[in-house]
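Open the model in your viewer and keep the selection panel at hand. We will go from one selection to the next.

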Amino acid sequence: MSREAILQSVRSALGRAAGQAIPEAPPVRIRLPEIDVEARIASLMVRVEALAGEAVRVATPADARAWVAAAIEGKQAVASNAPFLAECGIPALPGVRCGLTVESELRALCATAGVGITSADYALADTGTLVMISSPREARLISLLPPAHIAVVPSSRILSGLDELFAKFPLPAEQTSSMVLITGPSRTADIEQILVRGVHGPGKIAVVVVG
Amino acid sequence: MTTEMHRHIHETLGDARLQDAVLTATGRLKASRIAAVAPDVLPDYQELRTQAHALKKHAIENLDAYLEQFERNLEAHGGKAVYCKDAAEVADFILGLARERGARLIVKSKSMLTEEIDLNERLEKHGLESVETDLGEYILQLAHERPYHLVAPALHKTRYDVAEIFSARLGVPHEIVIEKQTATARAVLREKFLAADIGISGANFLVADSGAVVLVENEGNARLSTSAPKIHIAIAGIEKIIPRAQDLATFLKLLARSATGQWLSVYTSFLSGPRRAGEIDGPEEFYVVLVDNGRTRLLADPGRRQSLHCIRCGACLNTCPVYRRIGGYSFPWVYSGPIGSVLTPQFMGTAHAPGLPFASSLCGACAEVCPVKIDLPKLLLELRSDVKEADKSEGRGRWERLAFRLFAWLMRHPRLYEMAGKMAPMFAPSGKGGWIRSVPGLMNFPPIKAWTDERDLPPPPAKSFRETWRRR
């Protein structure tokens, strides 16, 4: 509608000409701390728990399956198509639906399931954050609609923080339509500043670190 | 001062419950911010502020080129940019799209820009249902009120207010337990999310090198609004542009910390275009509405265009001794607090609320907490000067100018100044409770009355500072 008019008034206010090049931007500010894997794992777990999430560390994929099996016992769960979940054997657990590729089916299941199970593309140690990249392997709604979210993450995917994420992944849009950072359970303090968890997203979150 | 603003201020000051609510909430947000930027948890806080300021300044100074870059990248990912100059154009675009797609129900996540342009009312007039989904915004939509605060919109509502609003408007039983009220909203809004045809969001950042919209939130309503419906429309002011995705490593560290004291908000969504081939869910159509609505007017002045650097964290409200007393509704437009006093006169004209730039003690606390280093006190002073210039050219404020000229003259004559100082106690009324609240009888004519109505003065001391100094 008003494209040209708006761009033109921006240019004349700034004294710029159409097509004029952009002077060099301030350099990107990325700082990469050196933190070993054990320290990353420890920091991630402390931060997740500080946000009232649950953080556990298991040694092997089989241990992860056992932990998840106990956590979802008696509940309906939806699992993502992440290869790492398959490696752990989670899709075969009783009560778990997996392998969904049709949106309507996925949506209906997520709306009624008690638990959503995903992996995560990365986790951020310094803030207790899960990085979820939308793809055929990870849908958006599994970590969003059910009241509880379990993420099973190999310890090798834990980054130190935002700086390392954007250093590794300078242009997320080249790979996905949606990258979501999840830091703790859904919450609000909109009424009298009282903290309530599980407003629209999951009120419970558990991070299982494998290895 | 405008009478409307005057009335709101006096109402707020006279309401003990509201005073308590605003002071407690802003106090808590303020303390959380301080803890989250403390040197032991964020040692490079000041460097990040400097970087954020430089990035915003650079983006605004080259805004046209960055908008074009944003648009190119967005369209490369299958999204579409729509430029709108004002409220009517935004509404026309959405109504047109809704008509073409046969859409009726819209879910909306928090957006200050849509408050600027009264979008819900405009859409509802044409038969669309547009539902706010942020809990605070939802409460206010049901109560027909505007946001009280940038990040805590329903800060002035108690659980008892919410119980009244929900039972009156939703027909649910009167319920005062906050967890249960939240569960009610979750259930009602969950239905809406799953049935909605269109999701509307704002944008915290528009990333030029990615064509991406970044949304920061805690509840999950922005994620649902942008994931469940088939169409996502993000509505953003043109000033929201940042150059690169990598700059988020700077901005995201500052935004949530400054707003609520969280290290990161619960959900940060980085969205670029509709779902890609193979992705299982997400919208099929993705639009970004780039809105001017007065912003290009602010760009012309190199000093004042920094008003457009604001990332809407609300830290200046929480720290402002004036906002914390007079509250959000004393400010005449959607933006309140120091940033509101700076934005409103520039968007609406100084005549809209000439008292606004004066609703500040110029203590500088706002500039100290601003994560992008906007020089708010300087802007307030400049806007005060605009108001006074307008008064002068329209022949208002003669008495005030005369009084200040007299005072300036007195200041230049030390002997007379001292004499006046000695005489002051003789003429000054006796202060009640140690304060002079008004002047008696004859002197209480309009210009002086207007002045003392707004200000309490300590009574002049028996001995002046000069005398004390001499006899030291």
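Select chains A and B and look where they meet. The contact draws on 79 residues from chain B and 61 residues from chain A; two residues are in contact if their C-beta atoms, placed from the backbone, lie within 7 Å. This is a predicted model: local features need pLDDT of at least 70, side-chain atom pairs count only at pLDDT 80 or more, and totals for chains, interfaces and linings use all residues. Residues are numbered from 1 along each chain as its sequence is written, and chains are lettered from A and ligands numbered from 1 in the order in which they are written.

Stay on chain B. On its side touching chain A, helix H10 (residues 178–195) of chain B gives the largest share, seven residues. Helices (H or I, at least four residues) and strands (E, at least two) are DSSP runs, numbered from the N terminus. Colour that side of chain B by class: 35 residues are nonpolar, 24 polar and 20 charged. Ala, Val, Leu, Ile, Met, Phe, Trp, Tyr, Cys and Pro count as nonpolar, Asp, Glu, Lys and Arg as charged, and the others, Gly among them, as polar.

Next, pick strand S9 (residues 178–182) of chain A and strand S9 (residues 267–271) of chain B. They pair in the antiparallel sense over five bridges; pairing needs at least two DSSP bridges. Zoom in on A:Met179, whose bridge partner in S9(B) is B:Phe270.

Between domain 1 and domain 2 of chain B, 19 residues of domain 1 contact 23 residues of domain 2. Finish on helix H2 (residues 16–36) of chain B: nine residues, the largest share of the domain 1 side touching domain 2, come from this helix.
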